[in-house]
Amino acid sequence: MAEAHQAVAFQFTITPEGIDLQLSHEALKQVYLSGFRSWKKRVTRLKNSVITGVYPASPSSWLFVVIAILATMYTRSDPSMGLIAKIQEHLPVSDSLSIQCRTVVSAVLFSTLLWFSLIFTMRLCLKQLLSYHGWMFEQHGKVSNTTKIWAAMVRIFSGRQPLLYSYQGSLPNLPVPAVKDTVDRFLESARPLMSDSEYERITTLAKEFESGLGNRLQWYLKLKAMWASNYVSDWWEEYIYLRGRSPIMVNSNYYGMDFLYVTPTPIQAARAGNTLHACLLYRRKLNREEIKPSRVPGLNIPLCAAQCERIFNTTRIPGEETDCLTHWQDSEYVAVFHRGRFFRLWLYHAGRMLSPREIEHQVQRILDDPSPPAPGEAKLAALTAGDRIPWAQARKEFFSSGVNKRSLDCIEKAAFFVALDDDEQGMMGDDPAGNLDRYAKSLLHGKCYDRWFDKSFTVVVYKNGKNGLNCEHSWADAPIMAHVWEYVMTTDCFQLGYNEEGHCKGDIASSLPQPTRLTWDIPVQCQERVEQSLAVAQALADDIDFHVFPIQEFGKGAIKKCKISPDAFIQIALQLAYYRNRGTFSLTYEASMTRLFREGRTETVRSCTSESCAFVRALEGGESKEVCRRLFRMASEKHQHMYRMAMTGGGIDRHLLCLYIVSKYLGEESPFLKEVLSETWRLSTSQTPLQQVELFDFVNHPDYTTCGGGFGPVADDGYGVSYIIIGENMINFHISSKHSCPQTDSHKFGAYIRKALVDLLELMSPEKPDLSKAEQNHSKSPQSKKDL
């Protein structure tokens, strides 16, 4: 109990002689250093707020303006055209100030007003410039003079050395499309999926909505767009995520994988040490706003960074009607789960961040702890995996006071959650493909009680040193966590590294306190609730069919030689694969980002188009290659156009969703909106972008290849498909479906996807591709990998 006594700053004892006060100098020192670190963070936050608040100018530019105005006045000129004199007249009269001093004060006030006016003008100009999206619709390789002038103006008004949030005040608001435009785009997307009679019926409903209720709903939506930063994002977060009452495990949460072929160290505690330390380094850069603002690849166009605010110290709190997201400014520890026990692991000591070696040492203490779980503790996290209402009720009934509340607060206020698994995972052993599938399932749902699914993210570290992520979806979209994970993986391997024995580098301070076991008092009634939630979650997890596989025959390089967008190529391949698998077409969801706008999140690209269907039918019907190539290019161009429209605010589904929400607030029923919002996405797809390409070296370190991540199926009879394009010669796919549906099979669909990609490449390549050569470059047997 020595660590418990160290945590008490002072003790006192009442004796006949008086009060005997005993101070713990070590505890007082820790309190002082912790407070000093907090104040340093506040000062940094204040400084960054000032810098961001005046961007694209700089605080030092104020001094330049003041000096310029005073210098001009020294030459007996009046740059203010009489305003300085007017300010001087209205200054409070003070005998202590001479006329010259009052003149200087007036000039400084005028200079400050002029400086703020210039900042406002520059921001307004930058906002207008960023509202231009014509550059996105220009033919690849051909840039108009208008776009060249626009790009030069953006560079001029963008300032220098921006912080992470510097552009937030200059980003345009998401525009509200016209009802007619959205309805017309919807009808166009629905045409290939409906018979003539079905299409005629939905057209009638759509036109009635457009000419009637739609205009009234649109008025309210425009009013919201004028008032709010983004007319979609808050409703998207609340109604799509937080109000969902089904389990967020599988249905909402997603995962991210480790390197595909390499495990840097086989020591679990060492891998945890570097991983956790790299997360802290990222958080420090995030708090200091030292992370470069994300931009459109190849351009100087900034993307919204608002989602980055809740990466750390964030938890989803269950409610009976709706959940809520709670974010804390700071947290100096993580919550750790191992063999049914929960621990608090402090990541700071004596006012400094623990080194990777010290974190490894602390994690090893947890791994070596022989204490058994308390009654009801081992499977407690299953409450976060089951239905939301039982979890909200149990939280209110059993965790609102006493020791349970204190321990639950410790988990929810942690920087993030860490799961130390006793299993070994990865692409290994005699069945590397099957083990890769099991690795994905483990990250997605684990044992249903060894992940805290409500935390913003959970770092999972396996016994053999493999790691991964499980992420809650409501607070941000996958590219945000992908950015974090890219930094963490590359920092772990290429900056922090390991010694020859596989341990983290550095020394260990002798005064580190032991990790703290969280204590619980779980009554039998609560344990029954836990078992009920576990049963729901286990049934859901057992039903998931997962298949993860890399395409190593070719990648982005070969596709670009065909002069086709890689994303369009893959999406059309998915349409071909689905048609071969099911004999029909399906409504297809592809996630696109709207972060060109302030607080933008995602929009839907309806990838199943009339053009893509025409191409698939022609290819499967035996049409000539010339006809198929022409139809393929038409389908590709159509997909690219739809993707660009979605990115620039011209999507379909977010607008219709918001119109539907307004109709519910007004108590109005719309048969058109009701039918549109009840459509089933049997093919849900998403590309995980590789954002920090400069961190990876696929030439010198080809084995250090990220595998991306995936998610569960959206529909019970559909597929979830995630893919990531790695370098020039690799594409990784993550496919999910449900065993309970006889029409779906993830492995079978994966084979169809592979075949479709090869067929399309052979069709569109200007010269016959040598697929066997690329295969040989990646044909290392699993036994030769460091992973084994």
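Which residues do ring pairs link into a cluster? I started my notebook with this, and in the model, which is a predicted one, I found that ring pairs join Phe337, Phe342, Trp391, Phe399, Phe417, Trp452 and Trp520.

**Entry 1: the chain as a whole**

I looked up the secondary structure next and noted 25 helices and 20 strands in the protein chain. For the overall dimensions I took the C-alpha trace, which spans about 95 × 80 × 60 Å along its principal axes. I then compared the radius of gyration with the globule rule: for 788 residues a compact globule would come near 28 Å, and the protein chain, at 29 Å, agrees with that.

I recorded that 54% of the 788 residues are buried, and that the accessible surface of the protein chain amounts to about 35300 Å², with 56% of it belonging to carbon and sulfur atoms. Of the contacts between residues at least 6 apart in sequence, 77% join residues at least 24 apart. On charge, I noted 88 positive and 87 negative side chains, with the centres of the two sets lying 6 Å apart.

**Entry 2: aromatic pairs**

I found 34 aromatic pairs in the structure. One of them is formed by Phe494 and Tyr704, which I noted as tilted, with 5.1 Å from centre to centre and 55° between the planes. This pair links distant parts of the chain, since Phe494 belongs to helix H16 (residues 478-496) while Tyr704 sits in the loop between strand E17 (683-687) and strand E18 (709-711), 210 residues apart.

Tyr719 lies in strand E19 (residues 719-726) and Phe749 in helix H24 (residues 746-764), so the pair ties together parts that are 30 residues apart in sequence. Both Tyr719 and Phe749 are buried.

For helix H14 (residues 402-412) I listed the buried residues as Asn404, Ser407, Leu408, Asp409, Cys410, Ile411 and Glu412. I then asked which elements cover these buried residues of H14. The cover includes strand E4 (314-317), strand E6 (333-338), strand E7 (341-346), helix H13 (388-398) and strand E10 (417-420).

For helix H20 (residues 610-620) the buried residues are Ser612, Cys613, Phe615, Val616 and Ala618. I noted that the buried residues of H20 pack against helix H19 (566-582), helix H21 (625-647) and H24, and H24 is also the helix in which I had placed Phe749. After H20 comes Gly622, with a positive phi near 85°.

**Entry 3: a buried serine in a loop**

I looked up Ser170, which is found in the loop between helix H6 (145-157) and helix H7 (179-190). Is Ser170 buried or exposed? Its relative accessible area is 0%, so Ser170 is buried. Setting aside neighbours within four places in sequence, I found Ser170 in contact with Arg123, Leu126, Lys127 and Leu130.

**Entry 4: backbone details in loops**

I noted a cis peptide bond between Tyr55 and Pro56, with omega at about 15°. Pro56 is found in the loop between helix H2 (25-54) and helix H3 (59-74).

Val250 is not a glycine, yet has a positive phi of about 75°; its place is in the loop between helix H10 (233-242) and strand E3 (254-257), and at 1% relative accessibility Val250 counts as buried. Lys563 likewise is a residue other than glycine with a positive phi, near 60°, and I located Lys563 in the loop between helix H18 (556-561) and H19. With a relative accessible area of 74%, Lys563 is exposed, whereas Val250 counts as buried.

How values were computed:
Residues numbered from 1 in each chain as written. Predicted model: local features only at pLDDT ≥ 70, side-chain atom pairs only at ≥ 80, totals over all residues. Heavy atoms only, no water. Helix = DSSP H or I, 4+ residues; strand = E, 2+ residues; numbered from the N terminus. Rg over C-alpha atoms; globule rule 2.2 N^0.38 Å. Buried < 20%, exposed > 50% of the residue type's maximum accessible area, 1.4 Å probe, protein only. Contact = heavy atoms within 4.5 Å. Areas by Shrake-Rupley, 256 points an atom, 1.4 Å probe, with all protein chains shown as cover. Lys, Arg positive; Asp, Glu negative; His and termini not counted. Charge placed at Lys NZ, Arg CZ, Asp CG, Glu CD. Phe/Tyr/Trp six-rings, centres within 6.5 Å; stacked < 30°, edge-to-face > 60°.
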